[in-house]
Every structure is written in C-alpha cells, then in structure tokens.
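This briefing goes through a structure by topic, starting with strand pairing and ending with confidence. Keep the sequence and the 3D view open while reading.

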Amino acid sequence: MRRQLAFLLLLTGIGAVAAVSTAGRKFYDDDPITRAPESRSAADAKPLDIDLFYEYSYNLFVNASRTPSNTRAGNLNTIDEVPDSSWFTNRIGTVPVTAEQIARGVNSDTLPSPEKWTLLREKSSGTNPGFTAKDANGQIWFLQFDAPEFPEASTGAVEVATKLFWALGYNMVETFITRVEPARVEIDPKATVRRPSGARTPFTRDDIDRVAERAARSPDGTFRASAGRLLPGKVLGPFRYQGTRSDDPNDLVPHERRRELRALRVFGAWTNLVDWKAANTLDTLVEENGRSIVKHYLQDVGSTFGMANNLHEWDMGWEHYYDGPATKRRFFSYGFALSPWQTVPYTEYPSIGLFEGERFDPTTWKPQTPVAAYTELRADDAFWAARRVMAFTDDLIRAAVHTGAYSDAAAEAHLAAVLIKRRDAIGRAYLPAINPIVNPTLGVNGQLTFENAAVASGFAEAPTMYRAAWSRFDNATGASTPIGRTESATTSLSAPSGLPVTTGAFVEVDISADSASHPTWQQPLRTHFRRTAGGWKLVGLERLPDQAGAGAAPTPTASKERP
Amino acid sequence: MKRSAAILVFAIVSQAGAAYAQDAASMQDAASRTELIEQAEQAKAEALKPARAGKAEEYVARISDVFLSGQMHWHAFWQNAYSGGGFTVGAGYQRYVSSYNMIDFRGSITPSGYKRLETEFLAPGLFKRRGTLSVIGGWREATAVNFFGLGQNTQQQSLTNYGFTQPYLHARLEVFPTRKLFVVRGNFELSQWNQGSGSGSSPSVETVYTPATLPGLGASPVYIHTQGMFGFDSRPARGYTRRGGFYGVTVHDYADTDKLYGFNQVDYEAIQHFPILREAWVLAFHAFAQTTYDKGGQTIPFFMMPSFSGGSDLRAFDSWRLRDLNSLLLQGEWRANINRFVEMALFYDAGKVAARRSDLTLDGMKTDFGFGFRFHGPITTPLRIELAKGNEGFVLNFSASQVF
C-alpha cells in the first residue's frame with residue numbers, strides 16, 4: 001500500500017512537471033470546447049457537511065495570509081472562456097439576454113400556492129426566520145421572512161440577487177416572493193423542531209409564533225416570504241471553494257482554480273455578497289443524460305446589497321470579520337485613523353440596507369471571510385468577470401431589481417442606481433487593467449479585426465498604436481516561425497505576406513497596444529487561428545500566461561483602502 | 001498498464017489544473033479535447049475516495065456540535081462569592097430539564113477562601129418569550145471583606161475586615177411587557193447574613209469597633225428581601241453594547257424577621273452610550289445612586305450599607321473602599337473600537353458616599369482614571385482588563401463582564 005502511494009506521488013510529481021515542460025499537439029479539432037464533458041457517473045457521491053466555524057477560521061487565519069499562486073484558471077477552454085458545465089452556463093456576455101429573461105431567471109411557471117402552507121421543519125441556519133413548508137399543491141419550499149426592522153429587504157435581496165447570478169451563469173434555486181397567512185398555516189403531524197436542549201419535539205403553534213415574532217408583518221396580517229423551491233436530486237451538502245470532491249469523478253479542477261468561482265469576487269463586489277461561504281452553496285446529485293452527475297448551486301444569495309448587515313454594521317464589504325492591518329491602524333491611533341466605511345455616505349432604505357456606489361472600489365471590496373477562490377482571482381479572471389457585469393445594461397439591471405417587488409419605488413430606484421454605479425466602477429477598475437483586446441477575428445483575406453473592451457466602454461482612451469506579431473504555428477510541436485509584424489492606429493490590422501493558406505494550417509498572432517496611460521497593454525494577447533475551408537477560426541486566446549504578474553487583481557490581504 | 005496510464009492522465013490534469021486548456025493536451029494520445037478530459041475523468045473514477053473532512057475540521061465540527069446541541073454540560077464559572085475575593089476559579093454543570101429550561105449546579109473558590117455553591121433554575125421563555133425566571137438556592141462565604149469605616153473621608157490605613165456566610169434562596173422574574181424597551185423586574189430573596197470575624201491580614205472588624213460604634217456589628221439578620229424595578233432599556237444587549245441606554249429605579253424592602261435590622265433602599269441608575277462616527281468611538285456614561293431609609297427605628301447594619309465593590313465602579317480603589325447610608329457613582333468612558341472583537345477604553349470614575357442624601361453632591365468625590373481593553377462578542381464581554389490610577393495608587397483589574 002505504501003509502495004502504491006509512493007508510486008502515485010511520483011506520477012503526480014512527474015505529471016505536474018511534464019504538463020508545463022513538454023511540447024506537443026496544442027489544439028484539437030474540437031477546440032475550443034463549449035461544454036466541459038462530465039462523462040462518468042458520480043452515483044457514489046455521499047452527503048458531506050462543512051463546519052462553518054472551521055471554514056471561517058480557516059478563511060480568516062489561513063487564506064487571508066496566503067500568497068496568491070497567480071496560476072491561470074484551470075477550467076478554461078483554449079480561447080480563455082469558461083465552457084458550460086454542471087457549475088456554470090454561459091448566459092449574459094455570451095448570448096443575448098433580454099429583460100424578460102432576466103426577470104424570469106431560473107423560475108418555472110409553477111409558482112408557490114399560498115392558499116395553504118403545511119409546515120414541515122424549522123429553518124436551521126441563517127439569521128432570518130423561516131420554515132420548510134409544503135404549499136397547497138404539495139410542492140416543498142424553503143420559506144424565509146424579513147426581519148421586522150427591514151421589511152421587504154431580505155426577501156427582495158434574495159429575489160433580485162438570484163436573478164442577477166442566474167444571468168451571470170450560475171445554477172440558482174427557483175425563488176419567488178409569496179405570502180404566508182398565519183390562519184392558513186397547518187403543521188405536519190410529523191414536523192419536529194430541534195430545541196436548545198438538543199431534543200427534537202413536535203412542532204407547535206407556539207413555534208410558529210416564535211418565528212412570527214422575529215418576522216416583519218404586513219398591515220394585512222400576512223407575512224411576505226421568499227420561497228425557494230426544493231431542488232431536484234439528492235442533496236450532497238455545500239461545495240468547498242478549494243480542492244475537489246474526491247467522490248466526484250468529473251470534478252477535476254481545484255475549485256479555487258475555477259474561473260467562475262474566482263469571478264465571484266467581482267460579482268460579489270458588485271452585489272455586495274459579503275456572506276460568501278460554503279454554507280451558501282449546494283451540491284446535488286441529479287440524473288442527466290442517463291448518468292448521475294453532481295450539480296453545483298449558489299443558494300441563499302440574500303446577503304447582498306445592504307442585507308447581510310444590520311444598520312449598525314457599516315464595515316460589511318469593507319473589512320473581513322477580522323482584518324489585521326485595519327486592527328493595527330485603529331489600535332495605534334486610538335481609532336483616529338478612520339476607515340472609509342466610517343465616513344461613506346449612505347442613503348438608507350430599510351428595504352435595501354447599507355449599499356452605495358459613490359465610494360465603491362471593487363479592488364478593495366472584502367467579504368466577511370476570504371475563501372480560497374477569492375484570494376486566487378487574477379487580472380484575467382477579473383477582466384472576464386467585468387465583461388459580464390458590463391453586459392448588464394441599465395434596463396437589464398432595472399428589470400432584475402423590479403423582481404424584488406419593493407413597495408417603495410424610491411428604494412427600488414435607489415438599488416438600481418447603485419448597481420449601475422457599481423457596475424461602472426467594476427468596468428473602470430478591471431477592463432483597462434490588462435490588455436483589453438477582445439473578439440479577434442481573422443478574415444479570409446488576412447484582415448485582423450478586434451475590439452478594445454476598455455475603450456468601447458469609455459473607460460480608456462484609444463491607444464496610439466496596435467501592433468501584431470505574426471507567426472506560423474506548428475500544432476504538432478508547438479514551434480512558432482515568425483512571418484512579420486504589422487501595426488495600425490485602428491482595431492483592424494492587415495496580415496503580412498506569407499500567411500499560410502492550406503486548410504489545417506495555424507497562425508499565431510500576438511496583439512499588443514501602445515498606451516502611455518496603460519503600459520500593461522503591451523503584454524500581448526496571444527491568439528491562434530486555424531485555417532478551415534471557410535476561413536480562419538479562432539482556436540486559441542491567452543490573455544495572461546501563468547505566473548504573469550497579474551497586476552490588476554489586488555492582493556487580497558492588502559488593506560488597500562480609498563482615501 | 002492501462003490503469004497506470006489512466007492514473008498518469010488524472011495526475012497530470014489534476015495537478016496542472018489546465019484540464020480544458022492547451023498545456024495538458026499534448027500529453028496524451030487523445031483524439032479530441034473532450035476525449036482527453038474524459039480520460040482524466042475515467043482515471044479519477046477508478047480512484048474515487050469518499051468525501052470527508054480533514055482531521056482538524058472533524059475535530060472542530062465535533063466541538064461545535066457539542067456547543068450547539070445543548071449537550072455542553074460543563075462550563076467555567078468565574079463569579080466570585082463576593083467582590084474582593086481575588087482571582088476566582090469555578091465550574092458548573094448545567095443541563096436542560098425541558099426544551100428551554102435548564103438547571104445549573106456551580107461553585108467557585110478563591111485563594112483567600114471565598115466560596116460559592118449554588119443551583120440555579122432558569123426559565124428564559126416565559127410569557128411568550130417576554131419573561132425570564134431565575135431561582136437560585138445556595139450558600140456563600142466571604143472570609144475577608146474590606147471595611148475602612150463609614151463615610152467619604154476614611155483612611156486607607158484604617159482598613160479592617162470581616163467575614164460572613166450566607167445561605168440564600170433567590171427568585172427573580174424579569175419581564176419585557178412589550179418585548180423591548182420597557183422592563184419590569186421583581187426579586188424575592190430569603191437569606192441569612194451570618195457576620196463573623198475576618199481572616200484577612202488587617203485587623204478583624206470587631207477588634208476595632210464595638211456595636212455602639214458600628215451599627216450591626218456582630219448581627220446575623222435573616223432578611224426577606226423584596227424588590228421591584230421599572231426601567232427603560234434600549235441597549236441591544238447588556239453584556240456588550242455600543243449604543244442605547246438604560247434608565248431604571250429599583251425599590252428594595254429588607255425585612256428582618258426579628259425586626260431589628262430592616263430598612264428600605266432605592267436605587268437610581270442611568271446608562272447611556274453615544275456612538276460616534278459609526279461606532280469608531282463610543283462615549284459611555286453611567287450614573288448610579290443608592291439611598292437607604294430606616295424602617296421604624298431599626299438599624300441598618302454596616303455590611304448592608306451602599307458601597308463600591310471595586311472592579312466595576314471605583315476601579316483604582318480597594319474593594320468596598322467607601323461605605324455609608326447613601327452612595328453616588330459617576331462614570332464616563334471613551335471607548336475606541338479596534339475591530340469586531342476588541343475595544344480599548346479610557347475611563348474616569350467618581351464616587352461618593354454620605355450619611356445624608358442631601359450630601360450626595362459632586363463635591364469631594366473620590367476619582368480615578370485609567371485605560372483598558374475589552375474582548376467581546378456581539379452581546380457579551382468575556383474578558384475586561386483595566387489599569388486604573390487614583391490617589392491611592394494603581395490597580396489592575398480583570399473581569400469577565402462589561403463594566404456597565
């Protein structure tokens with residue numbers, strides 16, 4: 001057994017080295033893939049819980065001081081994109097998404113039927129009161145209410161954030177805003193509640209009262225609730241933001257290296273998803289194409305906007321629960337070294353909470369505790385994420401916010417306005433930070449055209465010159481043979497003479513830009529095109545190689561703050 | 001061989017991490033990118049292991065479960081038998097007797113021999129979670145309680161000490177009729193104060209005073225003590241808060257079963273916290289006055305007179321440094337928050353005792369100042385460390401509670 005282990009370790013070591021040092025076929029015929037295969041059955045995966053206290057401690061005292069590996073995301077296809085998978089589905093930024101689609105999100109036509117609720121179980125986690133209950137149609141829902149001080153806030157946040165994260169590509173739980181009328185609530189005879197004593201005893205009317213006392217009641221006596229539908233499949237518990245599931249054969253890429261999980265740092269900053277933790281995720285085992293696969297969800301995204309915090313927790317989104325540099329600063333100055341959150345002006349709506357866009361800086365945003373995927377974000381991940389955030393038009397944002405069903409139109413308008421401001425701040429921070437050339441195409445006539453995402457969004461001046469270095473590329477050996485260099489002041493460049501024309505030939509084009517205010521744009525975007533019968537097809541795009549000194553993404557442990 | 005090759009693919013892909021990208025592609029003789037990834041999945045499928053938490057996490061989870069499951073029976077108990085006993089060690093064993101109600105057996109002891117043994121029954125959810133009932137039966141002993149004489153101008157050198165033992169049965173019902181803000185509390189206590197000689201290094205009190213010069217010397221009254229409190233409490237929590245206040249009046253009736261040492265007492269208390277710059281700082285103020293009234297010519301024994309216990313009031317002075325029929329305490333703190341769990345504080349205390357209520361003025365108060373740290377949670381303060389300076393020197397205080 002020990003010998004086998006040693007053999008495995010040896011193989012592992014060889015593999016790690018070989019992967020970065022061996023030349024060989026770089027592109028396959030099916031590159032770039034648009035869907036990651038998940039070919040093996042995960043039927044043996046078993047439920048596993050993750051201890052919250054351990055996770056918080058690990059995040060605060062291990063992850064917070066960990067040096068980012070600056071390793072390229074591991075689940076990218078050859079053109080630097082994230083293929084669809086059981087984790088993620090390309091939506092906004094990849095395909096057109098309408099306001100109607102965003103307003104609907106993942107929701108089906110089957111709404112909760114609130115004529116009768118049968119309570120099955122108490123809500124065992126989270127701060128907001130709630131139940132698990134069956135509606136009049138026998139569907140099971142997780143009901144969550146608003147706190148009395150913040151009517152409509154938590155339910156609205158869950159609804160709006162679910163729509164935004166669905167559009168961003170994540171698997172989300174169907175969520176609706178519904179009503180619970182105490183007179184129409186029944187208790188399932190088998191329902192039990194875990195008491196402080198540890199015993200489970202039958203659910204009683206007093207337990208309903210106990211929850212109702214902590215919930216915001218509408219003037220008509222009903223309770224507004226957020227209803228999350230029970231997911232299909234077998235619940236396996238939360239997923240970790242690092243490592244892989246050892247019982248899922250299709251889970252190959254360490255989670256901290258999954259771009260869509262790293263990108264939550266940008267999406268989280270946008271929506272102020274401060275309660276970023278494993279407990280707010282869920283893995284389920286589902287049947288797809290006759291195979292059991294593990295599907296990964298974000299859930300309970302209601303800790304967004306200003307709603308993870310009460311009105312006296314101004315530091316949410318600005319500091320981790322424990323923040324060493326800030327602690328030292330306040331200690332040595334007796335609190336006179338003010339932190340930005342102590343002076344930032346908030347327009348406070350009870351239904352929105354502390355959420356602002358004027359002083360927001362996505363590069364210094366912090367969740368309550370830093371998960372590994374947060375610390376591993378690189379500039380190219382942030383760029384990818386920022387493009388998706390920027391794909392939300394004002395109207396799309398308003399459509400998502402409208403689903404929060406806020407009774408105060410001013411609060412709704414405020415939330416949309418802040419999201420728009422924060423969206424722009426994200427674009428301004430991340431799009432110009434690295435070479436922002438996107439959507440390169442090579443015409444059959446050898447004309448290379450592309451876009452500059454930073455310039456197109458208005459966050460940077462056009463560079464004085466674009467430059468392209470052209471090479472023939474041998475896909476079998478990985479060798480490049482220079483053809484020539486061209487340049488242009490526009491986003492269209494001609495190829496030099498000598499471009500191969502045979503089908504199956506490859507060309508490598510390194511595209512850079514001269515900009516005095518953005519020297520990072522000189523780091524070339526490396527692209528590869530394959531000649532097909534119909535012309536040139538983009539098969540390779542690498543914005544930043546491994547260990548590139550990413551630059552734009554902040555060091556998570558740095559206590560960089562706005563003046 | 002096939003298995004080894006599969007393991008190699010899995011090792012490469014999982015280590016390099018570039019499962020879908022070009023670097024790993026060249027390693028295998030796969031026909032497509034999809035096939036390459038499927039090879040890696042097959043390799044992992046042949047080496048699956050049950051998902052499980054690491055050892056450290058399992059250990060932490062087990063501890064968390066014990067704490068959260070209601071099965072954490074043993075606990076530390078830091079409460080002294082009486083102020084001035086010094087460093088206290090103690091333990092308790094608690095268990096639920098119903099879904100929400102619990103019983104707690106606990107005891108503590110100090111190097112100077114202060115002891116406390118008691119049992120508490122606690123029902124925290126009465127009247128639809130508006131009220132809390134606590135019933136405590138116990139016995140305690142204090143071996144060397146400071147006594148410096150009566151009045152504001154006693155000398156530190158005039159220190160004597162006394163001891164007492166006290167069996168007690170105490171019931172307290174506290175109710176927030178509207179769930180928040182307004183609070184009423186009723187207490188009933190039956191106890192016997194068996195006053196005796198002190199065993200401290202200073203002279204025992206009876207060697208310096210006589211019953212004629214010190215009221216109640218040698219007395220061992222049995223009191224039926226009832227009290228009622230009405231207050232306004234806007235603090236989010238009593239154990240730790242950065243805002244809100246408390247304003248309350250408590251009326252006591254101490255009825256001596258022998259009708260010799262009965263008296264009445266009225267306490268007035270005001271606490272207010274003013275957060276500044278989003279709680280970067282908190283200015284906190286506390287005023288507390290105790291006034292006593294004799295009952296038909298009965299004597300108020302010296303050991304029942306208002307005094308200052310030390311650690312949470314006049315912090316730079318010995319415990320029970322001042323004692324008389326009436327007392328006034330004024331405290332101010334400038335607290336600075338370091339983070340969610342630690343705060344610093346600069347503080348100032350002023351205290352006065354007087355035989356007549358009309359003498360409870362701001363003139364001639366004993367004062368001190370100091371600096372300290374508080375390690376706290378959202379609603380509790382498990383550790384408070386303070387260094388206080390007064391005209392009688394420095395005192396370093398450790399406490400397991402909020403100062404006010």
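In this predicted model, β17 (residues 525-532) of chain A pairs with β18(A) in the antiparallel sense, over seven bridges. A:R530 has A:K537 of β18(A) as its bridge partner. Both strands belong to an open sheet of five strands in chain A, ordered β14-β13-β16-β17-β18.

**The five-stranded sheet of chain A**

- The pairing within this sheet is antiparallel.
- β14 (480-488) and β18 (535-542) of chain A stand at the edges.
- Each of these edge strands has a single partner strand, so one side of each is left without a neighbour in the sheet.
- From one strand to the next, the twist averages 25°.

**Strands around β9 of chain A**

- β8 (residues 234-237) of chain A runs antiparallel to β9(A), and three bridges join the two strands.
- Across this pairing, A:G237 stands opposite A:D283 in β9(A).
- β9(A) also pairs with β10 (residues 291-298) of chain A, in the antiparallel sense and over eight bridges.
- The bridge partner of A:L282 in β10(A) is A:Y297.
- Two residues lie between β9(A) and β10(A), which form a hairpin.
- In the turn of that hairpin, A:N289 has a positive phi of about 55°.

**Domains of chain A**

- Chain A is divided into three parts: domain 1 (48-101 + 241-287 + 307-430), domain 2 (105-236) and domain 3 (437-542).
- Taken over C-alpha atoms, the centres of domain 1 of chain A and domain 2 of chain A are separated by 25 Å.
- Between these two domains of chain A, 29 residues of domain 1 are in contact with 26 residues of domain 2.
- On the domain 1 side, the elements that give two or more residues are α7 (264-271), β9 (281-288) and α11 (394-402) of chain A.
- Which element gives the largest share of that side? The largest share comes from β9(A), with five residues.
- By class, the residues on the domain 1 side divide into 16 nonpolar, nine polar and four charged.

**Packing of α7 against α10 in chain A**

- In general, two packed helices are described by the angle between their axes and the distance between the axes.
- The axes of α7(A) and α10 (residues 379-390) of chain A come within 8 Å and cross at roughly 40°.
- α7(A) and α10(A) are therefore oblique to each other.
- From α7(A), the contact is made by A:V266, A:F267 and A:W270.
- From α10(A), the contact is made by A:A382, A:A385, A:A386 and A:V389.
- This contact of α7(A) with α10(A) has seven nonpolar residues, with no polar and no charged residues.

**Domains of chain B**

- The domain assignment of chain B gives domain 1 (2-49) and domain 2 (58-399).
- The C-alpha centres of domain 1 of chain B and domain 2 of chain B lie 69 Å apart.

- β2 (residues 89-96) of chain B and β3 (residues 102-109) of chain B run antiparallel, joined by eight bridges.
- Within this pairing, B:I103 of β3(B) is the bridge partner of B:R95.
- A hairpin of five residues joins β2(B) to β3(B).
- β3(B) is joined in turn to β4 (residues 115-125) of chain B by eight bridges, and these strands run antiparallel.
- B:S108 stands opposite B:R116 in β4(B).
- β3(B) and β4(B) form a hairpin with five residues between them.
- B:G113, in the turn between β3(B) and β4(B), has a positive phi of about 90°.

**Confidence**

- The model scores ipTM 0.90 and pTM 0.90.
- Chain B has a mean pLDDT of 92, and 93% of its residues reach 70 or more.
- Over residues 1-19 of chain B the pLDDT is below 50, and this stretch has 58 contacts in the model beyond near neighbours in sequence.
- Residues 22-27 of chain B also have pLDDT below 50, with 29 contacts in the model beyond near neighbours in sequence.
- Where pLDDT is low, the predicted coordinates should not be read in detail.

Notes: Residues numbered from 1 in each chain as written. Chains lettered and ligands numbered in written order. Predicted model: local features only at pLDDT ≥ 70, side-chain atom pairs only at ≥ 80, totals over all residues. Domains from an automatic or database assignment. Contact = placed C-beta atoms within 7 Å. Helix = DSSP H or I, 4+ residues; strand = E, 2+ residues; numbered from the N terminus. Nonpolar A, V, L, I, M, F, W, Y, C, P; charged D, E, K, R; others polar. Axes fitted to C-alpha atoms, helices over the stretch in contact; angles between N-to-C directions. Parallel < 35°, antiparallel > 145°, perpendicular 65-115°, else oblique. Pairing = 2+ DSSP bridges. pLDDT = per-residue confidence, 0-100.
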